[in-house]
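Let's take a walk through the aromatic side chains of this one. Have the structure open and follow along.

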Amino acid sequence: MDIYALRTYNRKYNQFEMMFFLYVTVMLAHYTVPYLKFILFIGCIALTAISMFRKKISKIAAKNILMVAAWYGVFSIWVVLSKKWSYVQRPDSDIPSTMIRILLISICIAYHITSSGKIIKYLDIFVNATTYFIIVYVLSSPVSTWGSTSMGGITHQWRNFAGHIAVVAAIVAYGLYILLKKKRYIVFSMINVMGTVLTGSRAALIAIGVLIVIYLLLDKNITKKTRNICIGVFVLLIVAYILFTNEYLYSIYGSRLEAIFTSSVQDASRDDRAMYKTLGITMFLQKPILGWGMDNFSYYLKYVTGYSQEVYSHCNYVEILSCYGAIGFLVYYLVYLRQFVKLFHFRKDGVLTKICFVVLARFIIFEYATITFSVYTYVFLLTIIFCGINVIINDHDQKRKLNESEQI
């Protein structure tokens, strides 16, 4: 399948791809610049509308658009409808407007991803934009803030988000290096790994190891797989030894990582996040079908329990269950299950398939520690992967039909 993907891959960006790259870059690193993101948003929609008007919508594009509409479109409608039964109305919430913008751009992405080569192109866009972002994020942050919650610089992004998005970019960049043999992807991968480390996000640090292990397990060669896993474990042990024996590194990273695995180490952030999840499950059990309504977890946390501030649950599963109930949860996550099952049978069939599998696995595992459904870059990346899976399955079907016709 990689050979077929390379045949349909065109390195040069077309007008929409360049506009989309600029839009993602601005949303990551420069979203505070007035009007710029809106201009790029309109540009993406306009270019897609013009293309739709001039060309026929292909079958695979139509399939992708219907999938995005049935997934994120229906979920967005459910979120807006949930205001009708909300425990308290949240007129100042920006969730509806954010989700509408995400939906429109996701439909644009769905329309344009029609071949395996396009999957490579959009993954390349994600890596380029994220690498630029992580460079700006680190260099514009005072050294004194590195590894702390004050880090962010001119991007104004949270360190956990920066760490998690950089981890995914590092893995995707490595896969693109294997696929395209371009050395710049190794550089990009290293930049994103370094950026992840500098954020000090412990969940992101753990994600590096987890995603590397998943990628290595997808190797078909048992000997090579065993060797790579042993090397990976050895490297992780060395890193762990350095983190826990160096006084400076331990003060920034080691003690916080240790707190994840033992309650004997005091950690307010860990305890608060555990409390958020417990509260969210309690809210879900009280209103399991419809949930408490749009953006009500943060309100309930502060004004019902008396917590000091309004914050999200830091868990996509809990946030959706508590606010939008079992119906919202099923609407949002059924496509995860469906696409995962589709891809599972072909997970070892080429580098491109491995990349898609690892990225999807990342979301399934680490949405326990992140909010995804209302974050632009996360949903755009999910859309690329979901649509990419449709293309990969379509390519397999075409290949099977061709083989059957040749046998006849």
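This is a predicted model: local features need pLDDT of at least 70, side-chain atom pairs count only at pLDDT 80 or more; totals for chains, interfaces and linings use all residues.

Residues are numbered from 1 along each chain as its sequence is written, and side-chain values use heavy atoms, with hydrogens and water left out.

Now for ring pairs. Searching the whole structure turns up 39 aromatic pairs; rings of Phe, Tyr and Trp (its six-membered ring) pair if their centres lie within 6.5 Å, and planes under 30 degrees apart count as stacked, over 60 as edge-to-face and the rest as tilted. Phe20 and Tyr122 make one that is tilted, at 5.8 Å centre to centre with 50° between the planes.

Over at Trp71 and Tyr72, the pair is edge-to-face, with 5.5 Å between centres and 65° between the planes. Trp71 has 2% relative accessibility, so it counts as buried, and Tyr72, at 0%, counts as buried too. Both belong to one aromatic cluster, whose members include Phe75, Tyr317, Tyr336 and Phe386.

Finally, look for charges over rings (NZ of Lys or CZ of Arg within 6 Å of the ring centre and within 35 degrees of the ring normal). The charged end of Lys287 sits over Trp292, 4.2 Å from the ring centre, while Lys354 lies over the face of Tyr215 at 5.9 Å from the ring centre.

Terms used
Buried means under 20% relative accessible area, exposed over 50%, partly exposed in between (1.4 Å probe, protein chains only).
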